[in-house]
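Student: I want to know what stands behind each label on this model. Can we go through the terms one by one?

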Amino acid sequence: MKERKIEIPLKVYAYEELSDADRQLVDKAKEMTNHSYAPYSHFSVGAAVLLSNGETICGSNQENAAYPSGLCAERTTLFFANSQYPDVAVTTIAIAARNESGEFVEQPVSPCGACRQVMLESQWRGGRPLRILLYGNECTYELDRVEDLLPLCFTAENME
Ligand code: THU
């Protein structure tokens, strides 16, 4: 038996250290938490994506009384971006979340597995790395590509 370790490269920024463009995208994600519809979890998530054509698309989590029918902010936003601009790459996604007390979470928000998988597919469609910015009050994580958030990921290539 051999043991292998997988290291995940990520950069840790103080909010003030972010580039102007990244701070703007993070601010949009934070703003979008106000558009969240989360009467069941009271966890308000916002996302903002930057496209290679310079457009920014925003979204938030949308819940439903039939719980599984709701959708996370990341997928709401990416599906909208990919349906509006099917041939334009998503270059960056910023995500922010507020808890039940209305405070932004202290640690960088952690996207669920399904959203990571959808990010992977958006990245594949775009044909270039999709950068991820995960906002927290304490710090923001930057990951250069989706595989860094989803090691040992499943893609169409795994079916060949
Ligand atoms: N949620 C997101 O929108 N994104 C995430 O990355 C994690 C979870 C939503 C789904 C649900 O509306 C609420 O947060 C609680 O899970």
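Tutor: Start with pairing: two strands pair if DSSP finds at least two bridges between them. Helices (H or I, at least four residues) and strands (E, at least two) are DSSP runs, numbered from the N terminus. This is a predicted model, so local features need pLDDT of at least 70 and side-chain atom pairs count only at pLDDT 80 or more, while totals for chains, interfaces and linings use all residues. Residues are numbered from 1 along each chain as its sequence is written, and side-chain values use heavy atoms, with hydrogens and water left out.

Student: How do you know that S5 and S6 pair?

Tutor: Four bridges join S5 to strand S6 (residues 140-143). Pairing needs at least two. The two strands run antiparallel. Leu134 stands opposite Tyr141 in S6, and Tyr135 has Thr140 as its bridge partner there. S5 and S6 form a hairpin, with four residues between them.

Student: What makes S4 a partner of S5, and in which direction do they run, parallel or antiparallel?

Tutor: Four bridges join strand S4 (residues 90-98) to S5, and the direction is parallel. One of the links is Ile95, whose bridge partner in S5 is Leu134. Between S4 and S5 the chain passes through helix H3 (residues 113-126), making a right-handed β-α-β crossover. Right-handed means that, with the strands pointing away from the viewer, the path from the first strand over the helix to the second runs clockwise.

Student: Why is S5 called largely enclosed?

Tutor: Buried means under 20% relative accessible area, exposed over 50%, partly exposed in between (1.4 Å probe, protein chains only). Four of the five residues of S5 (residues 131-135) are buried, so the rest of the structure largely encloses this strand.

Student: What is the strand order in the sheet?

Tutor: The sheet is open, has six strands and runs S1-S6-S5-S4-S2-S3, with mixed pairing.

Student: What makes S1 and S3 edge strands?

Tutor: Strand S1 (11-13) and strand S3 (56-60) each have a single partner strand, so one side of each has no neighbour in the sheet. Neighbouring strands of the sheet are turned by 20° against each other on average, direction ignored. S1 is joined to S6 by three bridges, and these two run antiparallel. Lys11 stands opposite Glu142 in S6.

Student: Which strands does helix H1 touch?

Tutor: Helix H1 (residues 20-32) packs on the sheet and touches S2, S3, S4 and S5. Its direction makes about 145° with that of S2. Axes here are lines fitted to C-alpha atoms, for helices over the stretch in contact, and angles run from 0 to 180 degrees between N-to-C directions.

Student: What makes a set of residues a nonpolar core?

Tutor: The members are buried Ala, Val, Leu, Ile, Met, Phe, Trp, Tyr and Cys residues joined through side-chain atoms within 4.5 Å. The largest core has 27 residues, and Val49, Ile93, Ile95, Met119 and Ile132 touch the most other members. Strand S2 (44-51), helix H2 (73-84), S4, H3 and S5 each supply at least two residues of this core. Another core, of 10 residues, lies apart from it and includes Leu18, Val26, Phe104 and Tyr135.

Student: Which residues does Met119 contact beyond its sequence neighbours?

Tutor: Contact means heavy atoms within 4.5 Å. Leaving aside neighbours within four places in sequence, Met119 contacts Glu74, Leu78, Ile93, Ile95, Pro111, Leu130, Ile132, Val146 and Leu149.

Student: How do Cys58 and Cys139 count, buried or partly exposed?

Tutor: Cys58 has 29% relative accessibility, so it counts as partly exposed. Cys139 has 11%, so it counts as buried.

Student: What stands out about phi in His42 and Leu152?

Tutor: Phi of His42 is near 55°, a positive value in a residue other than glycine. His42 lies in the loop between H1 and S2 and, at 37% relative accessibility, counts as partly exposed. Leu152 also has a positive phi, of about 55°, although it is not a glycine. Leu152 sits in the segment after S6 and is exposed, with a relative accessible area of 80%.
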